[in-house]
Amino acid sequence: MTRSDWAEQAERFGLIFVWIVVILLFGALRPDSFLTWSNFSTILGSEAVLVIVTLGLIVPLTAGDFDLSIAQNLTLVSMLTAILNARMGLPIGEVIPLMLLVGAAIGAINAAIILYFRVHSLIVTLGMGTFLHGVTLWVSDSQTIGGLSPALLKYVIINRLFGIPFSFYYALLLALGVWYMLGYTALGQQLLFTGRGREIARLSGVPVGRVRLMALVISGVLGAIAGILYAGTTGSANPSSGTALLLPAFAAAFLGATCIKPGRFNALGSVVAVYFLVTGINGLSVVGFQTFVQDLFYGGALILAVIISQLVSGRKERAL
């Protein structure tokens, strides 16, 4: 193996190596509280929603678009799930397909405005997110709604495999699905070409508009799934629940683009990034740091990840 091959492998798996070092460091500092299976199962199970939101971000990011509305999509879907199931008595099996349609509709509306009026996705989805937040406050009367069906809680957080809630495995299956779609399907290749240069992609025969539409619809559906799982995890819906997830999800998306497939937004790298960040937050909490360290950690990780991602992308483009 040549020196450049070693450098490439170090780049691909560097974040995983750092993650292991972080685990060993906090394990050495607090072995009794950090290095326990209950702690790791909590980390894996509690962050499934964040994993799915991050997956929902990387699909449009691959096509060069942002979806800032995904956090409020999550919040609205979790609230509608609670209203339809807990207040109106609709069975959860009928609520879930309706919520997936709501997520797809939000993505389609985002795409329609972006493509028809040629407005930047950052502006459109920021406005859509604010609009959805207003709708959530309106339909919920700004109150938390509980009393969701025990069946939803059972299949999200109560039932476990190897001590880890089912929600973790749902997130893992979705990550594998997004990994396959981005790496091994025609749509995945078209998303990549579109993200690298829309005019060149269009001249090459890629249906750029349809590809961007699909990316935003997929993002909307993943946001809806995250909302359903959030409601199943907490057993309730909070009108401000999704807001805190947007920054960590962006940090994980950009940090994930620095590993496994450096220079590309990728599903497996995003999963590693989410759990690297959460392990760091958990470890700092275990050793006694206050809650403000969470914002410092996520904000710093996002800035660092964007810088590294740009450096890696620039180096790869120069190498072509």
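**Close-up views of helices, salt bridges and a cavity**

Arg202 is partly exposed, at a relative accessible area of 41%. Here buried means under 20% relative accessible area, exposed means over 50%, and partly exposed lies in between, with a 1.4 Å probe and protein chains only. The model is predicted: local features need pLDDT of at least 70, side-chain atom pairs count only at pLDDT 80 or more, and totals for chains, interfaces and linings use all residues. Residues are numbered from 1 along each chain as its sequence is written, and side-chain values use heavy atoms, with hydrogens and water left out.

View 1. Glu199 forms a salt bridge with Arg202. A salt bridge is a side-chain nitrogen of Lys or Arg within 4 Å of a carboxyl oxygen of Asp or Glu. In this pair, the closest N and O atoms are 2.7 Å apart. The two residues sit 3 residues apart in α10, so about one helical turn separates them. Glu199 is exposed, with a relative accessible area of 52%. Helices (H or I, at least four residues) and strands (E, at least two) are DSSP runs, numbered from the N terminus.

View 2. Side chains of opposite charge can pair when their charged atoms come close. The structure holds 3 salt bridges. Asp65 and Arg198 form one of them, with closest N and O atoms 3.1 Å apart. Asp65 lies in the loop between α3 (48-62) and α4, and Arg198 in α10 (residues 198-203), so this pair ties together parts 133 residues apart in sequence. Asp65 also bridges to Arg212, with closest N and O atoms 2.9 Å apart. That pair links distant parts of the chain: Arg212 belongs to helix α11 (residues 208-234), 147 residues from Asp65. Asp65 is buried, at 2% relative accessibility. Arg212 is buried too, at 11%. Arg198 is partly exposed, at 27%. Together, Asp65, Arg198 and Arg212 are linked in a network.

**View 3. Helix α4 is mostly covered.** Of its 18 residues, 16 are buried. The helix runs over residues 70-87. Its expected span is 1.5 Å times one less than its number of residues. Just after α4, Gly89 takes a positive phi of about 80°.

**View 4. Ser140 is buried in helix α6.** Ser140 belongs to α6 (residues 121-140). Its relative accessible area is 0%. A polar atom of the Ser140 side chain lies 2.7 Å from the backbone oxygen of Thr136. Ser140 is also in contact (heavy atoms within 4.5 Å) with Met79, Ile145 and Pro239, leaving aside neighbours within four places in sequence.

View 5. The structure holds 1 cavity of 30 Å³ or more. A cavity is a set of points, on a 1 Å grid over the protein atoms alone, where a 1.4 Å probe fits but cannot get out; lining residues have an atom within 4 Å of a point. The largest cavity contains about 100 Å³ of space, a volume being the space filled by probe spheres set on the points. Its lining residues include Thr62, Trp179, Leu192, Lys261, Arg264 and Phe265. Helices α8 (166-184) and α9 (186-196) are the elements that give two or more residues to this lining. The largest share, 3 residues, comes from α8.

Terms used
Polar contact = N/O pair within 3.5 Å; in protein donor to acceptor, adjacent residues only side chain to side chain. 1 Å grid on protein atoms, 1.4 Å probe; cavity = no way out; pocket = protein on both sides within 12 Å on 5 of 7 lines; lining within 4 Å.
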